[in-house]
Amino acid sequence: MTTSPTRPLPDVTLRVPTDEDAHAWHHVFDDPDVMEFLGGPAELSHYEEITARQRMHDAQLGYCLWTLLDAEGEVLGFTGAQPWPAHKEWGPVGEIEIGWRLGREAWGRGYAYAAALATLERVREAGVPKVVAMIDDANVRSAAVAERLGMTLAETFPLPGGRRVGRRYELSLAAG
């Protein structure tokens, strides 16, 4: 178990998403609070597409958004990294984005930070030199995880639609 200055971190396992994980993700993310900054809950087909894409990313790149499991093997959500989609009309195209999303029951227990630390280790081993995190300015929990990881706020910008602000954090993974 990893420790922090304030408390021991929970044991976490990251695995490449399975077909069944699409159902698990749909279940743990089917909560307006969880999806507050992501447009609200999504249909199962959305998670079926995402888990399939993540399996492809893992096979091609050596990293993806992995399914996050607790010590008992229960699905808590996901964490990992993926290339920022080139088809989006905004954001850091060409960058590798690190991210995490947990079901409400896992909030506030150290899982996001523990999983993000494991993600950083894996993407560093895969040769990724730098990661970014794109976070809604109002999402203070995710911003706190990024800052605890040592990520630096690189910019703030208007999110699509113009009513909200986003933050782009970055972190160099180069040895030194």
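Which residues of α3 are buried? They are Tyr-111, Ala-112, Tyr-113, Ala-114, Ala-115, Ala-116, Thr-119, Leu-120 and Val-123. The model is predicted, and the points below are grouped by topic.

**Helix α3**

- Gly-127 follows α3 and has a positive phi, near 90°.

**Helix α2**

- Helix α2 runs over residues 44–61 and has 18 residues, which at 1.5 Å a residue should span 26 Å; the C-alpha atoms at its ends are 25 Å apart, in agreement with that value.
- Tyr-47, Ile-50, Thr-51, Gln-54 and His-57 are the buried residues named for α2.
- These residues lie on the same side of α2, because they cover an arc of only 120° around its axis.
- The general rule behind such a pattern is that an α-helix has 3.6 residues a turn, so residues three or four places apart point the same way.
- Ala-59 and Gln-60 are exposed, on the other side of α2.
- The cover over the buried residues of α2 includes α1 (19–29), β2 (65–69), β3 (75–83) and β4 (96–102).
- Gly-62 comes after α2, and its phi is likewise positive, near 90°.

**Second largest pocket**

- The second largest pocket holds about 210 Å³ of space.
- Its lining consists of His-27, Val-28, Asp-31, Asp-70, Val-75, Leu-76, Gly-103, Arg-104, Glu-105, Ala-106 and Arg-109.
- By class, the lining residues of the second largest pocket are four nonpolar, two polar and five charged.
- At least two residues of this lining come from α1, and at least two from β3.

**Phe-29**

- Phe-29 belongs to helix α1.
- Its relative accessible area is 0%, which is under the 20% cut-off, so Phe-29 is buried.
- Apart from residues up to four places away in sequence, Phe-29 touches Val-34, Met-35, Pro-41, Tyr-47, Gly-77, Phe-78, Arg-101, Leu-102 and Gly-103.
- One of these contacts, Tyr-47, is among the buried residues of α2; another, Gly-103, is in the lining of the second largest pocket.
- Phe-29 and Val-140 are 111 residues apart along the chain, and 18 Å separates their C-alpha atoms.

**Ile-135**

- Ile-135 is found in strand β5, which covers residues 130–136.
- Ile-135 has a relative accessible area of 6% and is therefore buried.
- Beyond its neighbours within four places in sequence, Ile-135 is in contact with Trp-100, Ser-142, Ala-143, Ala-146, Gly-166, Arg-167 and Tyr-169.
- Between Ile-135 and Asp-21 there are 24 Å from C-alpha to C-alpha, at a sequence separation of 114 residues.

**Leu-9**

- Leu-9 is located in the segment before β1 (13–15).
- With a relative accessible area of 1%, Leu-9 is buried.
- The C-alpha atoms of Leu-9 and Leu-159 are separated by 33 Å, and the two residues are 150 residues apart along the chain.

Key: Residues are numbered from 1 along each chain as its sequence is written. This is a predicted model: local features need pLDDT of at least 70, side-chain atom pairs count only at pLDDT 80 or more; totals for chains, interfaces and linings use all residues. Side-chain values use heavy atoms; hydrogens and water are left out. Helices (H or I, at least four residues) and strands (E, at least two) are DSSP runs, numbered from the N terminus. The expected span of a helix is 1.5 Å times one less than its number of residues. Buried means under 20% relative accessible area, exposed over 50%, partly exposed in between (1.4 Å probe, protein chains only). The arc is that of the directions from the helix axis to the C-beta atoms. Contact means heavy atoms within 4.5 Å. On a 1 Å grid over the protein atoms alone, a cavity is a set of points where a 1.4 Å probe fits but cannot get out, and a pocket is an open set with protein on both sides within 12 Å along at least five of seven lines; lining residues have an atom within 4 Å of a point. Grid points are joined across faces, edges and corners, and a volume is the space filled by probe spheres set on the points. Ala, Val, Leu, Ile, Met, Phe, Trp, Tyr, Cys and Pro count as nonpolar, Asp, Glu, Lys and Arg as charged, and the others, Gly among them, as polar.
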